[in-house]
Amino acid sequence: ALLQLVCPLRSLSSTARWLPDHASGYQSIRLIAKMTQTLDALREFKPPRQKPNFWHGLLAGPIAKAGNAGRKDARDRLIDKIEKRIQQVEGAKEAHVFSAPYDVARSATKNIADGLSGDDIFVLNPDVDLEVIALANGMNASVQSKRWLELWTDGFWFAQEMKSTGQKGQIHFMVCRMPKKNSDDCYDVDEIDQTLVGNAQHGELRIAMAGGFVDEASGLHFHVFTPEEPQRLCELRRAK
């Protein structure tokens, strides 16, 4: 079954140079393939010698007024970021994916994510990393805003794959208070819902639990991001 999934990816390029021998499974190969295709396109894009094309628009954003030289600098920075992402996927021994309310828990999420970072550790912090992953998939900001769940789920899928191959794959939820377990020492979805501030987190929780992340032993973790005011934020969430 894995071979049937991988073979279509080989047809995406004239060579299979980006398929590492040690890739742990379909999702790692898929991520590397998509990012490497983007790298190839970026490396061939050399302003100002080329006429404006797709990459001009994709890289414009904050450097829209910087001219061709500015776009080249942005291209080079993006190439560096994507290369580092590929190295993380290729050498990953751990994968950590975060679910956080948009922009509300930015500082706390970053602190925890940075503490997990390493050359052989894949970390997906949605406040920071979705933009790079979107660009690696050829998505501009407008498309990313509509397809962010696809990008997050690709990261989740990789963490799930890591766990299934005997390595460490964990999903981390930023919450306004720690959820309580029931009398059977299990987490209840409805109880966890009361601790989530971000609207999208409820769907991400269900994806995680359906994927086998149901408690700490199986890779589901919770972090209170405002320990000084957790109850007030939980009440604000319920009032929406």
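## A buried aromatic pair

Phe122 and Phe158 are both buried (under 20% relative accessible area with a 1.4 Å probe and protein chains only, where over 50% is exposed and anything in between partly exposed). Phe122 belongs to strand β2 (residues 121-124) and Phe158 to helix α7, so their pair ties together parts that are 36 residues apart in sequence.

The model is predicted: local features need pLDDT of at least 70, side-chain atom pairs count only at pLDDT 80 or more, and totals for chains, interfaces and linings use all residues. Residues are numbered from 1 along each chain as its sequence is written, and side-chain values use heavy atoms, with hydrogens and water left out.

## Overall layout

The protein has 10 helices and four strands; these are DSSP runs numbered from the N terminus, with helices being H or I of at least four residues and strands E of at least two. Along the sequence, the pattern is α-α-α-α-β-α-β-α-α-β-α-α-β-α. Of the 240 residues, 47% are buried.

Strand β3 (residues 168-175) has seven of its eight residues buried, so it is largely enclosed by the rest of the structure. Pairing takes at least two DSSP bridges between two strands. Strand β1 (residues 94-99) pairs with β3 in the parallel sense over six bridges, with Glu94 opposite Lys168. On β4 (residues 220-224), which also runs parallel to β3, five bridges make the link, and Met174 stands opposite His223.

## The nonpolar cores

A nonpolar core is a set of buried Ala, Val, Leu, Ile, Met, Phe, Trp, Tyr and Cys residues joined through side-chain atoms within 4.5 Å. The largest one holds 39 residues, and Ile82, Phe158, Ile171 and Phe173 have the most contacts inside it. Helix α7 (residues 141-164) gives this core its largest share, six residues. Another core, of 11 residues, lies apart from it and includes Phe98 and Cys176.

Leaving aside residues up to four places away in sequence, Ile171 touches several partners, among them Val97, Trp152, Phe156 and Phe213 (contact means heavy atoms within 4.5 Å).

Rings of Phe, Tyr and Trp (its six-membered ring) pair if their centres lie within 6.5 Å; planes under 30 degrees apart are stacked, over 60 edge-to-face, and the rest tilted. The count is five aromatic pairs.
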